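Student: Could we go through this model together, one question at a time?
Tutor: Gladly; please look at the structure first, and then we can begin with a pair of facing residues.

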Amino acid sequence: MCETQIRVAVVVSAGQEWDSARERFARHGLSQSPYGEWCIAQIHVAGRAEPVVFFHEGWGKIAAAAATQYVIDRWQPQLIVNLGTCGGFEGAIAREAVVLVERTLVYDIIEQMGDPEAALRHYATDLDLSWLAEPYPMPVQRGLLLSGDRDLVAEEVPVLRARFGAAAGDWESGAIAYVAARNKVRCLILRGVTDLVGAGGGEAYDGTVDFFRAQARIVMTRLLDALPAWLACVRW
């Protein structure tokens, strides 16, 4: 049984992403789940207060899938929103651009006994965004987001661009979208590009996380600031 009626749950993956949400909403009181911290905050949407769950799922596909199901089972939200970061393919997208995800694909599946394309299709998810009214609150690049339990490998970027037509990749969106779709829950995924990966390597691949941490704060601040306006676009 839900503690309160919740229509929206915002799920956040990486710790550096959660830091921004935590700083903003910690005053509401943080609770602990088997996966990470969470709280319920009142968000003002078009002149009314909307109780929203903010939930730290953890990084990677395993945590993302399990925690998304936990959130759905516990609060039965009508909408899952994933705010987070992604790595961009140099030449295909700009740093700090926001990807409005229309399709996810888990690209790190290696199938050598059957049909590898069928394996990729099995976990691919198309997101129906017909309930999201335009104009959007910010410029976005709509399209495919690749997910894998790995950082983008510079040498693979040309192949990923040519094979899938993608412009960016992350670790968790494919799992979140897959679970939401199978529970018939609307899903909005907004990922901001923190760094670019190309032939010369990755901007954040210098042995430290300082660059990524700084960029993640910029991206998450923008997305959290825009969240009320995004929710105002929802046709309930």
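Student: Which residue of strand 7 does Thr104 stand opposite?
Tutor: This is a predicted model, in which local features need pLDDT of at least 70 and side-chain atom pairs count only at pLDDT 80 or more, while totals for chains, interfaces and linings use all residues. Residues are numbered from 1 along each chain as its sequence is written, and side-chain values use heavy atoms, with hydrogens and water left out. Thr104 has its place in strand 6, where helices (H or I, at least four residues) and strands (E, at least two) are DSSP runs numbered from the N terminus. Strand 6 is joined by 2 bridges to strand 7 (residues 125-126), the two running antiparallel, and the residue of strand 7 opposite Thr104 is Thr125.

Student: Is Thr104 buried or exposed, and what is its relative accessible area?
Tutor: Buried means under 20% relative accessible area, exposed over 50%, and partly exposed in between, with a 1.4 Å probe and protein chains only. Thr104 touches, among others, Tyr123, Leu144, Ala177 and Ile189, leaving aside residues up to four places away in sequence, where contact means heavy atoms within 4.5 Å. Thr104 is buried, because its relative accessible area is 0%.

Student: How many bridges pair strand 6 with strand 8?
Tutor: Two strands pair if DSSP finds at least two bridges between them. With strand 10 (residues 186-198), strand 6 pairs in the antiparallel sense over 3 bridges, and Val99 stands opposite Arg191 there. On strand 8 (residues 141-147), Gly143 is the residue opposite Val101, and this pairing is parallel, with a bridge count of 7.

Student: How many of the residues of strand 6 are buried?
Tutor: Strand 6 covers residues 98-106 and is described as mostly covered. Of its 9 residues, the number buried is 7.

Student: How far apart are the axes of helix 2 and helix 5?
Tutor: Two packed helices are described by the angle between their axes and the distance between the axes. Axes are lines fitted to C-alpha atoms, for helices over the stretch in contact, and angles run from 0 to 180 degrees between N-to-C directions. For helix 2 (residues 61-75) and helix 5 (residues 173-182) the angle is about 30°, and the axes are apart by 8 Å.

Student: Which residues of helix 5 make the contact with helix 2?
Tutor: On the side of helix 2, the contact is made by Lys61, Ala64, Ala65, Thr68, Gln69 and Ile72. On the side of helix 5, the residues are Ala175, Ile176, Val179 and Ala180.

Student: Which peptide bond is cis, and what is its omega?
Tutor: Pro135 has its place in the loop between strand 7 and strand 8. The cis bond runs from Glu134 to Pro135, with omega near 5°.

Student: What is the phi of Ala46?
Tutor: Ala46 is found in the loop between strand 3 and strand 4, and it is exposed, with a relative accessible area of 74%. Although Ala46 is not a glycine, its phi is positive, at about 50°.
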